[in-house]
Amino acid sequence: IGIPKAEVMQENRVALVPSAVAALTGFGFSVLVETGAGDKANYSDHRYSEAGAEICYSRDKVFQSNVLLMVAPPTLEEIA
């Protein structure tokens, strides 16, 4: 499961909070979070890491996930 950083202006939400990441990783899912994805929502990379997520510094790696969770619809560039 990939959680990319929102690139939309004025978007302060993130698709999953750390407690939801902990629940998913507890069920055996692998969660990749792009670095800074939760910054605007006051969730640090450290909190996601502590919840079991892998912090990715490559947006491309996050987008290679089988499932992407995003708040806003993907742009045409992101779909490509």
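In which loop is Ser-65 found? In this predicted model, Ser-65 lies in the loop between α3 (59–63) and α4 (76–79). The residue has a relative accessible area of 15%, and because buried means under 20%, Ser-65 is classed as buried. Leaving aside residues up to four places away in sequence, Ser-65 touches Ile-1, Gly-2 and Leu-32.

The strands of the structure are considered next. Strands of a sheet pair through backbone hydrogen bonds, and the pairing is either parallel or antiparallel. Here, three strands form an open sheet in the order β1-β2-β3, and the pairing is parallel. Strand β1 runs parallel to β2 (residues 32–34), and the two are joined by two bridges. Within this part of the sheet, Val-33 in β2 is the residue that stands opposite Ile-3.

The loop between β2 and α2 (45–50) contains Asn-42. The phi angle of Asn-42 is near 65 degrees, which is a positive value in a residue other than glycine. Asn-42 has a relative accessibility of 65%. Exposed means over 50%, and Asn-42 therefore counts as exposed.

Aromatic contacts were also examined. A pair of aromatic rings is described by two quantities, the distance of the centres and the angle of the planes. One aromatic pair is present in the structure. It consists of Tyr-43 and Tyr-48, whose ring centres are 6.3 Å apart and whose planes stand at 70 degrees. Planes over 60 degrees apart count as edge-to-face, so the pair of Tyr-43 and Tyr-48 is edge-to-face. Tyr-43, at 22% relative accessibility, counts as partly exposed, whereas Tyr-48, at 0%, counts as buried.

The structure holds one cavity of 30 Å³ or more. The volume of the largest cavity is about 130 Å³. Its lining is made up of 18 residues, of which Pro-4, Lys-5, Ala-6, Met-70 and Val-71 are the closest to the centre. By class, twelve of the lining residues are nonpolar, one is polar and five are charged.

Note on methods. Residues are numbered from 1 along each chain as its sequence is written. This is a predicted model: local features need pLDDT of at least 70, side-chain atom pairs count only at pLDDT 80 or more; totals for chains, interfaces and linings use all residues. Side-chain values use heavy atoms; hydrogens and water are left out. Rings of Phe, Tyr and Trp (its six-membered ring) pair if their centres lie within 6.5 Å; planes under 30 degrees apart count as stacked, over 60 as edge-to-face and the rest as tilted. Buried means under 20% relative accessible area, exposed over 50%, partly exposed in between (1.4 Å probe, protein chains only). On a 1 Å grid over the protein atoms alone, a cavity is a set of points where a 1.4 Å probe fits but cannot get out, and a pocket is an open set with protein on both sides within 12 Å along at least five of seven lines; lining residues have an atom within 4 Å of a point. Grid points are joined across faces, edges and corners, and a volume is the space filled by probe spheres set on the points. Ala, Val, Leu, Ile, Met, Phe, Trp, Tyr, Cys and Pro count as nonpolar, Asp, Glu, Lys and Arg as charged, and the others, Gly among them, as polar. Helices (H or I, at least four residues) and strands (E, at least two) are DSSP runs, numbered from the N terminus. Contact means heavy atoms within 4.5 Å. Two strands pair if DSSP finds at least two bridges between them.
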